[in-house]
Amino acid sequence: MQRVKATVETVKVETKDSNSRGRRKPMLLATLSTIVLSAVRSSHRASAVFASLLLLLSAPLSSQTNPGVSASELLRCAVNGELKAQSEDHTHWIYRVKSTVAGKEEVKLVVESKDGELDRLESVNGRPITAEQELREQQRIQNLVHSPERQKKRQRAQSEDADQTERMFNVLPDALNVRYGERNGDLVQLLFEPNPHFHAWSREATVFHEMEGQIWINARQNRLAEIQGHLVRTVKFAGGLLGHLDKGGEFSVRQAEVAPGHWEVTLLHVNMHGKILFLKTISEQQHEVRTDYRQVPSDLTLAQAAEELVKESAIRSAQGKEHRAAKRGDVAIAVQKH
């Protein structure tokens, strides 16, 4: 059995720079943090979230196996490595997102830029969008591109979430009790549960502290590959006066290496219920898969991102027409043969 080798070090992550608009926030950590944030904020700040996941795993680690570091040290090392790698990664990508919400499947094309990201709806329930929907998408994108105020509002929200994410995950190893689970190649499983001696310092930290689940770490690259968790108790805010989240709420987040040295979120899932303020019902249920990652210039502007969406959509539309024409031709040939 291989040993897990890790060097525990403290990593200082800069949270501000001269061009905060272009600062990348840690993707897996940010996505997971946003899931928690979305559960305790209004719905318009919630990010899209995605599908549960399973790995085919090898036998458990032998009790005689000495991993070289404790499970909590390995987790701390991986979190530091994740924050460091993502703070230094300023790449931007174009990719597709397939999401399922309330039984409706949507496919969107997303382009990242130094001023934020843009998305464009491509299909609904397997059918290309209509001419009317296409017109609405074009108008929505142009409204955003030509609205500096809306752009600034989005950038402020992203910056706030990024800062909160870094604060949350710097205390992650202290908030959880972890132990070794299974191993599959470079992947090491850590099983976690709340640390009863940890005192949560915010609503978000309280939510995360009431979860148990598993974390998969790529020990060779020192990256977090997957996190799954569920609420073991109902979470009450201000004794329930400000609302609650129901016991059993769950989430899953997975990321993968989409290019050498570059890790991005590929699969997520969230299913949480509760009530926040004045008995406003929370029902966060969404399934999303991200695929077809391709790198775009790191200095891409929002206007250029909009142009990229138009170009990609035109290519996609032409390919769809060719496919449908070929299919009609095949049907015609089959009819003639009969």
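Me: Is Arg-156 buried, exposed or partly exposed?

Reply: The model is a predicted one, and the values that follow are computed from it. Partly exposed residues fall between the limits of 20% for buried and 50% for exposed. The relative accessible area of Arg-156 is 45%, so this residue is partly exposed.

Me: With which residue does the side chain of Arg-156 meet in a salt bridge?

Reply: The criterion is a side-chain nitrogen of Lys or Arg within 4 Å of a carboxyl oxygen of Asp or Glu. For Arg-156 the N to O distance is 4.0 Å. The partner is Glu-149.

Me: Which residue forms a salt bridge with Glu-210, and where does that partner lie?

Reply: The closest N and O atoms of this salt bridge are 2.7 Å apart, and the partner of Glu-210 is Arg-233. Glu-210 is buried, with a relative accessible area of 15%, whereas Arg-233 is partly exposed at 42%. The pair links distant parts of the chain, 23 residues apart, with Glu-210 in the loop between α6 and β7. The place of Arg-233 is the loop between β8 and β9.

Me: How many salt bridges does the count come to?

Reply: One of them joins Lys-114 to Asp-115, with the closest N and O atoms 3.8 Å apart. Salt bridges that share partners also join Asp-119, Glu-137 and Arg-140 into one network. The count comes to 15 salt bridges.

Me: Is Asp-115 buried or exposed?

Reply: A residue counts as buried under 20% relative accessible area. Asp-115, which forms a salt bridge with Lys-114, has a relative accessibility of 10% and therefore counts as buried.

Me: How are the rings of Trp-93 and Tyr-293 arranged?

Reply: A pair of aromatic rings is described by the distance of the centres and the angle of the planes. For Trp-93 and Tyr-293 the centres are 6.1 Å apart and the planes stand at 80 degrees. Planes over 60 degrees apart count as edge-to-face. The arrangement of Trp-93 and Tyr-293 is thus edge-to-face.

Me: Which parts of the chain does that pair link?

Reply: Trp-93 and Tyr-293 are both buried. They are 200 residues apart, so the pair links distant parts of the chain. Trp-93 belongs to strand β1 (residues 92-101), and Tyr-293 to strand β13 (residues 280-296).

Me: Why is the pair of Tyr-95 and Tyr-293 stacked?

Reply: Tyr-95 in strand β1 and Tyr-293 in strand β13 are 198 residues apart, and both are buried. Together with Trp-93 they form one aromatic cluster. The pair is stacked because the ring centres are 4.8 Å apart and the planes are at 25 degrees.

Me: Which residue in β2 is the bridge partner of Tyr-95?

Reply: Strands β1 and β2 run antiparallel and are joined by 8 bridges. Their hairpin has 2 residues between the strands, and Ala-102 takes a positive phi near 50 degrees there. In β2, the bridge partner of Tyr-95 is Val-110.

Me: How many of the residues of strand β2 are buried?

Reply: Strand β2 (residues 104-113) also runs antiparallel to β3, to which 8 bridges join it. In β3, Val-111 has Leu-118 as its bridge partner. Strand β2 is largely enclosed by the rest of the structure, because the buried residues are 7 of its 10.

Me: Is Ser-99 buried or exposed?

Reply: Ser-99 is placed in strand β1. Beyond four places in sequence, it touches Lys-104, Glu-105, Glu-106, Gln-286, His-287 and Glu-288. Its relative accessibility is 7%, so Ser-99 counts as buried.

Me: Which residues touch the most other members of the largest nonpolar core?

Reply: This core has 32 residues, and helix α2 (residues 71-88) contributes the largest share, 6 residues. Apart from it lies another core of 13 residues, including Ile-94 and Val-296. The residues of the largest core that touch the most other members are Leu-190, Met-211, Ile-215 and Phe-251.

Note on methods
Residues numbered from 1 in each chain as written. Predicted model: local features only at pLDDT ≥ 70, side-chain atom pairs only at ≥ 80, totals over all residues. Heavy atoms only, no water. Core = buried A, V, L, I, M, F, W, Y, C linked by side-chain atoms within 4.5 Å. Buried < 20%, exposed > 50% of the residue type's maximum accessible area, 1.4 Å probe, protein only. Helix = DSSP H or I, 4+ residues; strand = E, 2+ residues; numbered from the N terminus. Phe/Tyr/Trp six-rings, centres within 6.5 Å; stacked < 30°, edge-to-face > 60°. Pairing = 2+ DSSP bridges. Contact = heavy atoms within 4.5 Å.
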